[in-house]
Amino acid sequence: MPDEHHLKLPEGDEPSSLLLSAVATLGDSAAHLSVAGVDSLPGHLQKQLELAARYFDALLESRYAERLTGDLLLLAGAAYYLAGRPGSSRVLAERVPELSDSDPLERMLDWILKGRFRRRPPEFGDEGHGPALSEIARHVNKHFIDGTVSEQLEGLLSEIQHRAYKERNSRDVLLADLIAAVLRCRLAVSVWSTIPKFSDQPVDVWQDVLSKPDFPTELWPAQRVIGQAGLLRGRSGAVLMPTSAGKTKSVEILVRSGFISKRVKLAVVVAPFRALVHEISVNLRRAFRNEAVRVNELSDALQLDFDEVLERILGSADPAPLVLVVTPEKLHFVLRQMPDLAGQIGLLVYDECHQFDNGPRGATYELLLTEIADLVPEATQSVLISAVMPNVATLANWALPDDAEIVDGSTLLPTERAVAFSSWTGRQGRLEVFDSEIAKSPDYFVPRAIEVAQLEKVGRERKVRSFPARGDDAWKDVSLYLGLRLVASGGVAIFCGRKDTANGMVRRAVDVYRRGFGLSVPADYSDGAEVERLKWLTGLHFGADSDKAVAAGLGVFAHHGSTPHGLRVSIEHAMQHNMIRFVVCTSTLAQGVNLPIRYLVVSSTKQAGEDIRTRDFQNLLGRAGRAGMHTEGMVVFGNPSLYDQRFMKSDAFDAATDLLSSSNMEDIGSSLLETISPLKISATMESIDIPPRLILEFLFADEAAQVQWAEQVALLSRKSSVAAKAIIDAMSSRLKVLETVESHLMAMRGSDDYESFRERARLLSEKTLAFALASESERSVLADLFERIAGRVNAVDPRVDRQAMYARTLLSAVKAKRIFEWVDASGAALADLSSPEEWLAAVWPLFVELCDSKLFRSVEPADVSYRLALSWIAGDSYEALVALSAALAATKPRGKGRQRLAEEDVISFCQQTLSFECSLVVAAVAMAMGVSDGDAPISTFLKSLKYGLPAKLPISIYESGLADRALSIFLVAHLEGGGFRGDHFTDALTTHRYLVTEAVSRAPSFFTVALSHM
């Protein structure tokens, strides 16, 4: 905001009047920590020190004491560090200007706060404190390079303190005390002082790791509590760890501790989302680069693409250490094919383990933990990690050994967060800001936060248009406007509850700038070259003139489940490296993916039409204010009606404020338990209380009986607006959960007879999280549920050997049996199929019969879905796919009429139906055929369908790590134009690397980094 619009302070108010008090608090804290050691501050002094740190920071930001900027940066950096917020300390320390001519004590404190201890230590001259400071710097430098602990260092620190006190210079006394306190704390928490002790391993076995230039020099507070709990010695535990508190590095240290102690040869990291799997694997590959450790991110294609890697573990007496990073679905699949692998796992890390109540995916995650507990050796270490586990004790009791630790680092927040509500009652709007808890009135307000701009008319338009515009969609416009205002001060993410809302906001940004909106575009605060590279890749996918590509040129990017994989990881990489600053996203932001932002603008508290859970919202909050990049984050509610109508519609405002308190987080539940829980109809938000045993009748009824059941329930419901169709839709996700259980039971049956199988199913139900959370009456129903599923499996096909084969498909017994019968009936004809197109034609009837997508049955003309599938496996861009849909005049039902297929319909059909659902069917066909050859035509077709690519070379490029279908197609054309002929990208890297480098240089920097590791 321009200076002329800043509010005048009331006469007599002087922000710097508290400076002496804050300095005194800092000095008292430093004195205490110098004597008592790190983490020893009493609670009252800890709170006072945190307030002092925030005060110094706020005084800097306000620019009310600009002549003290250098001093305030040092004071704030020291205060944040001693308060246990090293990330915030580093942010401010990096802003301290060069102090070459300054007082030696100032320069020393600056050097200590910046923490560049592995570089050549500074010299401080021959006068005054200089000789002692130079000697201290040499000892500190040596400690952080090789772990040497100097016996002289403590005496030298005492010497500078005594000298300062003797000379009675208050400034020197403060600086000397701060130097001593910060340095003593840094030495106490250095990796040399902590990791060997926490892991119970000698320093020399850690020497090579701890001295790596890119390895941390110290452990942050939340990382230390992990070590103090014994997890680096192999103890299992459940870890509550705030976002940006150092989780990624903690996982690396856990893995390293297992390898170094020889406890672990195979470590498995499980994460519930593909994007998160990719991020973790990239970070671990970078960490273990040039070491004898292999990090393997198994693709999420359900095929035998891992046998060579894992056979090395199973077949070698002394295999090299291996880290597998997988989704629960992939690990399930791997264990079905190679059950002996579980016996080799020494460490299991379950990331984002609050996802057990996330539909069928949650059920898979829960059953994986239930199953694997009986398969892995007793000595295997298991670690659950999440930022949001309110019922952590229940989860630990269920999933972990009796001696497991609960590691609660939830209070060790790495940054502060403020909350603001937009208000727009007059011509201009403002932000009402709450610095701490939501009270009756805000702590302060920001005037002129919303200033309406008149937009230019286009063509023959007469209507006056403005931005932001009032009306029913004001919440969208205000959210976008605030994001565009805030981006000058740091990274912005706008959260939307739906993908179409996010896409609409991106289109709106293009529209307002096209109409002459005057604010600087986000690209002006971004890396211009990276913005152009992202625009180029977006253009490859959607067309150079598409709204998405134009928005990319403005520096505005959509990030959600339908964003193409390569583009999505490129956006994440660019955000992480501060090359772009503006994303509009959905719940992908809450899925553990690291998007370091300063401002989170919440456009809606709905997610997919339902109220967002407090637990999910708390996970969102953690993204605002990334430690090491910002000292404070801000969450802004973009809908003005929340605040402005807080008295007339208090429920909405109260619901929003409730989301801000972690004490309101819902316990982690179970998708398995939810199958017998009361119905909740999204359209009306009505909960229908149906006895669990009556729900069982629906779950095991045929389609006609299910319709009749739903009609009866609709008649009994309190609201006549609840239709039978809405009830069936609400129950559909429960049927998918049952298929997950069915597949699991088939896998565990072994050679049991039917009665033993039923009993094992009942016993399995008693080991689930659902059972641990259930009431006594629900437990009885759960046991019956598992028994009835076992009975249904046996009724479909009683042959034990066939059930074992069906289980490997991850499909239900009915679907798997149908596929095997189809393969048997097709006979030798399948062996003659050679191209992906031939395979698509052959299996298409199976897709229509077995996959749930409505586009198979309700779209018109009838051949649209098949034509789209052909275009998909040909590698055509999304621009071409959407154009094909338009050319065919494709429509879908809407109410009593029909409407054209939207871009989102086409993308969802390709990325979800074809790439995931149909790929499961093809993988099952390959198993029924007994095909394990990765070069077989059906294997190529499976990958073609999974990735949307036409042949082996682009598939090879995609799987090498350049995982973007548009870039793969572009690279093929570039290589073939340069004379390369072949199917394998490794050959192209050997003979035509210059062509690859040339082509990849046009793509976002993520791919250049990926190529450099090949």
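Which residues in α35 meet which residues in α38? Keep that in mind while you set up the viewer.

This is a predicted model, where local features need pLDDT of at least 70, side-chain atom pairs count only at pLDDT 80 or more, and totals for chains, interfaces and linings use all residues. Residues are numbered from 1 along each chain as its sequence is written, and side-chain values use heavy atoms, with hydrogens and water left out.

**Stop 1: the helix pair.** Select 836-850 (α35) and 903-929 (α38). Helices here are DSSP runs of H or I, at least four residues, and strands are E runs of at least two, numbered from the N terminus. The two axes come within 11 Å and cross at roughly 100°; axes are lines fitted to C-alpha atoms, for helices over the stretch in contact, and angles run from 0 to 180 degrees between N-to-C directions. That makes α35 roughly perpendicular to α38, a label for 65 to 115 degrees.

Now show side chains. From α35, Trp839, Trp844, Leu846 and Phe847 meet Phe909, Leu914, Cys918, Val921, Val922, Val925 and Met929 of α38, contact being heavy atoms within 4.5 Å. The residues of this contact divide into 11 nonpolar, no polar and no charged. Nonpolar covers Ala, Val, Leu, Ile, Met, Phe, Trp, Tyr, Cys and Pro; Asp, Glu, Lys and Arg are charged and the others, Gly among them, polar.

Stop 2: Around Phe617, look for Val602, Ile612, Val635, Phe637, Leu659 and Leu660, leaving out residues up to four places away in sequence.

**Stop 3: the sheet.** Here 7 strands form an open sheet with parallel pairing, ordered β3-β4-β2-β5-β6-β1-β7. Two strands pair if DSSP finds at least two bridges between them. The edges are β3 (294-297) and β7 (405-408), each pairing on one side only. Zoom in on β2 (266-270) and β4 (322-326), paired over 5 bridges; Ala267 stands opposite Val323.

**Last stop: a hairpin.** Select β22 (891-894) and β23 (897-900), antiparallel strands joined by 4 bridges. Lys892 stands opposite Gln899, and Gly895 takes a positive phi near 60°.

Note on methods:
Angles under 35 degrees count as roughly parallel, over 145 as roughly antiparallel, 65 to 115 as roughly perpendicular and the rest as oblique.
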